[in-house]
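Subject: Structure for you to look at

Hello,

Here is the structure I promised to pass on. Please open it and keep it beside this note while you read.

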Amino acid sequence: MALKPFDAAVVLTDDGARTAYAESALETGHPDHIAEALGDIARSIGMTKVAQETGLSRNALYKSLRAGGNPTLATMSKVLAIVGLGLTVTASAKLAEQEAA
């Protein structure tokens, strides 16, 4: 019996799952993981739909929203808006430590 590779896009079927997945990826702080997770989220909605609504080509989205893709902030912002997500900024533990010192 052959195993299929796991595809996160298949299980990201609702907004709650997509939000939790994006938050988890952002918490890692690893750019490749963040780009890949955003690509999974976009694929869960439909890359054609995301491409049409962002005005970006499907090919450009596939290239940038993968490990090593290095999407621009503009691309990330457009895709996040289409999938119903956004970025927020919070103080990190490191900042709290610096303020306490």
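A residue is called exposed when its relative accessible area is over 50%, and buried when it is under 20%. By that rule Asp-15 is exposed, because its relative accessible area is 54%. Please bear in mind that this is a predicted model.

**Overall**

The chain is helical: 7 helices and 0 strands. The C-alpha trace spans about 55 × 40 × 25 Å along its principal axes. Of the 101 residues, 30% are buried. The chain exposes about 6800 Å², and carbon and sulfur atoms supply 56% of that area. Take the contacts between residues at least 6 apart in sequence: 52% of them join residues at least 24 apart.

**The core**

In soluble globular proteins, nonpolar side chains tend to be buried together. Which residues touch the most other members of the largest nonpolar core? They are Leu-61 and Val-79, in a core of 19 residues. H2, H3 (31–45), H4 (47–54) and H6 (73–82) each supply at least two residues of this core. H3 gives the most, with 5 residues. Setting aside residues up to four places away in sequence, Val-79 touches Leu-38, Ala-42, Val-50, Thr-54, Leu-61 and Leu-65.

**Salt bridges**

There are 3 salt bridges in the structure. Two of them share Arg-43, and a network links Asp-7, Asp-40 and Arg-43.

- Asp-7 pairs with Arg-43, with the closest N and O atoms 2.7 Å apart. Asp-7 lies in the segment before H1 and Arg-43 in H3, so this pair ties together parts that are 36 residues apart in sequence. Asp-7 is partly exposed, at 28% relative accessibility. Arg-43 is partly exposed too, at 30%.
- Asp-40 pairs with Arg-43 at 2.8 Å, N to O. Both lie in H3, 3 residues apart, about one turn of the helix. Asp-40 counts as buried, at 11% relative accessibility.
- Arg-18 pairs with Asp-15 at 3.4 Å, N to O. These two are 3 residues apart in H2, so about one helical turn separates them.

**Arg-18**

Is Arg-18 buried or exposed? It is buried, with a relative accessible area of 10%. Arg-18 sits in H2, which covers residues 15–28. The Arg-18 side chain also reaches the backbone oxygen of Leu-12, at 3.1 Å. Beyond its neighbours within four places in sequence, Arg-18 is in contact with Leu-12, Thr-13, Ile-41, Ser-44, Ile-45 and Leu-85.

**Ser-64**

Ser-64 belongs to H5 (residues 58–64). Ser-64 is buried, at 11% relative accessibility. Not counting residues up to four places away in sequence, Ser-64 touches Ala-35, Gly-69, Asn-70, Pro-71 and Thr-75. Gly-29 is 35 residues from Ser-64 in sequence, and their C-alpha atoms are 17 Å apart.

**On the surface**

Which residues form a nonpolar patch on the surface? Phe-6, Val-10 and Val-11 do, with about 350 Å² of accessible area together. Phe-6 is in the segment before H1 (8–11). Phe-6 is exposed, at 68% relative accessible area.

Best wishes

Note on methods. Residues are numbered from 1 along each chain as its sequence is written. This is a predicted model: local features need pLDDT of at least 70, side-chain atom pairs count only at pLDDT 80 or more; totals for chains, interfaces and linings use all residues. Side-chain values use heavy atoms; hydrogens and water are left out. Helices (H or I, at least four residues) and strands (E, at least two) are DSSP runs, numbered from the N terminus. Buried means under 20% relative accessible area, exposed over 50%, partly exposed in between (1.4 Å probe, protein chains only). A polar contact is a pair of N or O atoms within 3.5 Å; within protein, one must be able to donate a hydrogen and the other to accept it, and residues adjacent in sequence count only if both atoms are side-chain atoms. Contact means heavy atoms within 4.5 Å. Patches are made of residues with over 30% relative accessible area and no salt bridge: like charges are joined within 9 Å, nonpolar side chains (Val, Leu, Ile, Met, Phe, Trp, Tyr) within 5 Å. Accessible areas come from the Shrake-Rupley method with a 1.4 Å probe; for residues, only the protein chains shown count as cover. A salt bridge is a side-chain nitrogen of Lys or Arg within 4 Å of a carboxyl oxygen of Asp or Glu. A nonpolar core is a set of buried Ala, Val, Leu, Ile, Met, Phe, Trp, Tyr and Cys residues joined through side-chain atoms within 4.5 Å.
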